[in-house]
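Here are a few exercises to work through with the model open beside you. Try each task before reading its solution.

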Amino acid sequence: MLSIQVEIKTISCTLGAAILLGACAPAEIEQGEPGESASATRTRLLTGEQYTNSIAAVFGDDIANSVLPPIPPMTRTDGLLSSGAAYVGVTSDQISQIQQTATSIAVRVVDEDHRDFLIPCRPEAEDQPDGACAGLFLQASGELLNRQPLGDERLAELVDIANYAAEQTEDFYAGLALALESILISPEFVFIVDEQEADPDRPGYERLTAYSLASRLSFFLWNGPPDAALLAAAESGELLSEAGLAAQVDRMIASSRLTDGMRAFFDDMLGFDEFNSLAKDPNVYPMVTGSTLRDAREQTLRTIIDHVITQDADYRDLFVSRKTFMSPALGVVYGIPTGNGWTTYEFPESSPRIGLLTHISFLAANSHAVRSSPTLRGQALRERFLCQLVPDPPPNVDFSLLEEAEGAVTARERLAVHNTNPSCAGCHLITDPMGLSLENFDGAGRFRETENGAEFDISGELDGVFYTDISGLAAAVRDHPKLPSCLINRLFAYGTGGPVSPRYELATLRWLEGRFEASQYKLTALLRDLALSQAFSAVRTEDSQGKMLPANSESQPFRLADPEFSLPSQR
Amino acid sequence: MSKINRRKFLKGALNGGVITVGLPLLDVFLNDNGTAYADGTPIPQRFGTWSWGLGMSESIFVPKRTGPNFDLPEEIAALAPVQQHINLYTNFHVFKDDAPNLCHHSGWVVLRSGIAPMTSENRPGETIDVSVARQIGNATRFRSLSATATGDVRNSFSYEGGNSVNAPEWSPLRFYQRLFGADFQDPNAETFSPDPKVMVRKSALTAVQEETKKLEQSVGADDRARLDQYFTGLRDLERRFDLQLSKPDPREACVVLEEPENLPTGLDADLVAKRHRMMTDLMLMAVACDQTRVFNMFYASAFSATIKPGYDKPHHTATHEEAVDLELGYQPNVSWFTRRAMDEWAYYVNALANFKEGDGSLLDNSFIYATTDQSFAKLHAIDGIPMFSAGTAGGRVKTGLHIDGGGSPGCRLGYTAQRLMGLEIESWGDKSNTTSSEIGEILV
């Protein structure tokens with residue numbers, strides 16, 4: 001008994017501190033960005049989506065979508081898969097896949113369906129080398145793929161390859177394809193390497209080179225490579241001037257490609273990669289098919305993009321907004337009639353559906369295949385939206401009390417068992433109260449009045465805020481001080497290519513929080529502030545940066561309980 | 001273009017030209033200690049792994065008798081048709097020493113790497129298949145192959161290092177295309193002419209390798225190591241291109257399969273079994289066609305979420321929440337999941353045995369190492385973790401045995417396997433998992 005009390009006390013104390021911290025947080029709005037603001041240089045492997053987007057940007061969607069990106073899965077690092085890209089290694093097996101994919105792409109680029117509009121010239125004879133024509137194509141596509149000019153020597157090598165291959169195969173286009181393969185397996189294409197140089201405006205400090213800055217900006221805002229205009233701004237040096245940078249950032253934020261970039265960011269932040277392997281037991285949820293789950297993911301992304309970009313509305317209101325989009329497959333699960341295709345939809349005030357937490361995507365992805373899980377939902381809420389870490393479970397749990405939880409009718413009753421076990425109680429008290437408030441939604445996200453004939457008690461508490469129903473939980477999340485700071489943490493990591501360093505970057509984040517608050521929590525304003533910040537362009541020197549730490553060790557997210565206690569992230 | 005400096009590429013092209021002569025095949029094969037075909041051609045040795053999730057129900061899994069002709073308790077009754085091809089190892093331990101017992105992680109990591117991990121993200125050392133592939137995987141188109149029956153690309157027990165995981169093939173269709181697509185050279189084709197494109201690809205690698213080395217100079221130490229790994233991978237690719245320029249030896253059991261259907265996602269046990277069999281068929285045909293000699297098959301993840309139709313708990317949840325039936329003495333639904341895993345293990349072993357090779361079968365020239373993540377998953381126990389092997393490694397291993405490890409390190413089996421595959425290591429494993437003791441009972 002004693003140990004239970006001690007743990008609960010520790011947790012509430014920690015939570016209290018967190019709330020206080022959050023409450024006291026920003027308000028440094030009047031101050032400028034900290035003078036030492038800078039970020040780390042990184043070498044990132046393209047993510048699968050970035051690989052596809054890069055191919056699409058140069059050769060079109062049909063070629064990009066004809067292959068699966070040969071990129072290994074990333075380890076989620078401090079909340080983001082994309083941050084794992086700064087640490088992932090490429091095995092020999094993976095390189096053979098990169099090569100095979102390069103072959104498939106190159107063959108399609110030069111085939112008869114594509115050559116006329118992807119290759120800017122015709123060879124003098126198709127069965128012979130034509131260095132001049134090969135050079136034109138390789139120079140243009142190489143610059144776009146490598147995100148910077150190839151350089152004379154590399155271009156010359158590639159033309160040699162094309163010529164030699166054309167001689168060997170007696171086919172100009174086969175030769176060109178083999179030279180293109182060489183670009184597609186080069187590390188300059190598959191890795192985004194931050195290169196730095198001395199900053200002439202700030203003696204003693206370093207900044208990204210113009211081309212590296214262009215790549216950082218475009219993968220941040222568009223999740224794809226720089227376009228010709230951005231590369232031109234890098235080449236002319238305009239991108240390194242304050243006005244030139246602002247002009248490019250404004251252009252990029254105004255571009256329709258911003259939607260691609262932010263969809264990718266929120267997909268990552270919300271852990272939607274889970275949908276790639278998610279399935280529900282058809283015996284229990286016969287109305288949930290693969291297309292239902294695909295649409296659930298799409299619904300949430302559409303809702304977010306519409307809210308934060310199209311409407312330019314307060315980010316926090318995503319958690320209390322009833323506006324969304326609906327598809328026929330989703331209408332079946334939501335229990336509402338729909339038209340054809342995607343249509344806008346607003347849940348009525350009387351509906352229990354309010355905000356992102358009541359979307360099928362959140363409810364179904366954070367459930368088991370056969371039943372709901374208040375614990376997984378609570379954990380996801382903490383980790384995804386508030387950047388709080390719920391630790392892994394202890395190995396020595398005695399599960400005997402849980403066995404079928406004799407007589408338990410509802411999840412609340414089943415989970416109450418955990419609170420009698422000191423080694424479980426610590427974490428379950430962190431996750432379950434808000435997870436239980438969503439028990440009106442089953443494992444597929446369908447509304448239900450009862451479970452096994454029993455009504456739900458959906459009252460709960462989130463870090464000191466008590467509520468009685470789902471809209472109360474939604475409001476508590478909306479007003480949680482960690483909600484905006486978590487978004488900033490994730491965006492900063494996403495933009496600079498790796499986890500936030502508490503040692504170097506907290507002051508910058510605090511400054512951004514103040515800016516975000518002053519903008520009334522507008523995402524587009526935050527993106528602009530971040531992209532134009534000194535921290536985004538300036539990099540720490542090797543000395544002050546020190547040795548790069550392994551994955552997960554740079555950032556120390558706020559932990560909710562003693563590390564000894566934790567919960568499974570698997571279902 | 002007249003100013004182009006052709007020297008670098010032409011140097012590579014010249015190297016490529018020399019290599020078209022091909023590597024002396026005997027040199028390649030002799031390293032593998034293989035037995036021989038009737039005409040004296042050596043048969044290569046293969047190493048495979050297989051994995052299932054969440055251990056066993058000890059009372060109905062562990063046979064009463066050790067040695068040959070051991071009894072098959074009900075949870076492993078499905079192994080009867082392949083009993084003569086396998087060995088079962090029980091009462092072997094995994095030691096965590098001063099590391100925490102990381103649920104569903106410590107067990108498999110120790111058995112695959114020999115080292116107890118310190119955190120649930122930690123993957124220390126390298127896995128056994130990677131070490132073995134370095135020894136015997138250099139003469140085939142693929143150094144190694146991995147495939148999963150879960151449909152989830154994140155499920156893998158194979159890694160070169162902490163952040164360098166060998167991602168498995170997860171889609172039967174994609175796996176097929178990779179194996180038997182345009183680059184496949186049928187070893188039984190009547191004619192062979194080296195593909196000039198392969199020669200160019202090999203030559204063009206020189207420039208990419210130099211570019212990688214140059215890039216290494218501009219990054220910090222950790223990133224330099226990652227780029228160096230990339231460089232090593234390019235070198236490995238070069239070697240694979242060399243192989244494609246030589247005529248492959250005929251492989252009697254090699255038949256190009258029909259393109260498979262794609263399967264939906266999901267972990268329903270029937271769907272997982274179907275996927276497992278499709279991936280197994282593809283994988284083993286790739287082995288029979290000598291596309292690889294090292295192969296990893298993944299039936300279920302450590303946190304196995306396989307579903308039993310009509311039962312409301314996935315496998316992992318059931319291990320913790322289902323009561324032990326006092327009359328039966330085990331968890332009936334959990335045991336149902338384990339029995340399904342054993343059905344698939346039997347399928348896998350039988351499939352290997354059905355490939356004719358020389359005077360025996362593919363299985364006779366293989367050693368398969370099968371492991372799980374826990375012994376009694378309900379309590380996250382790693383003591384007495386069960387393991388299997390299959391195959392005789394060219395007649396050097398006795399099969400049909402149940403071995404009681406007497407509490408010795410489970411790493412002994414991995415050590416034995418590596419020695420069988422020709423690795424000249426004096427010991428394997430870290431701290432209490434260290435062993436230099438082969439499992440002598442199985443050696444001929």
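A residue counts as buried if 20 or more other C-beta atoms, placed from the backbone, lie within 10 Å of its own, as exposed if 12 or fewer do, and as partly exposed in between. This is a predicted model, in which local features need pLDDT of at least 70 and side-chain atom pairs count only at pLDDT 80 or more, while totals for chains, interfaces and linings use all residues. Residues are numbered from 1 along each chain as its sequence is written, and chains are lettered from A in the order in which they are written.

**Exercise 1.** Describe the overall make-up of chain A.

Step one: apply the burial rule; buried residues make up 55% of the 571 residues in chain A. Step two: list the secondary structure, taking helices (H or I, at least four residues) and strands (E, at least two) as DSSP runs numbered from the N terminus. Chain A has 26 helices and 13 strands. Step three: look at contacts, where two residues qualify if their C-beta atoms, placed from the backbone, lie within 7 Å. Of the contacts in chain A with a separation of 6 or more, 72% join residues 24 or more positions apart.

**Exercise 2.** Work out how α14(A) and α15(A) are arranged.

Start with the axes, which are lines fitted to C-alpha atoms over the stretch in contact, with angles from 0 to 180 degrees between N-to-C directions. The axes of α14 (residues 257-269) and α15 (residues 290-310) of chain A come within 10 Å and cross at roughly 125°. That makes α14(A) oblique to α15(A), since angles under 35 degrees count as roughly parallel, over 145 as roughly antiparallel, 65 to 115 as roughly perpendicular and the rest as oblique. Next, find the residues: A:L258, A:M262 and A:F266 are among those of α14(A) that meet α15(A), whose partners include A:L301 and A:I305.
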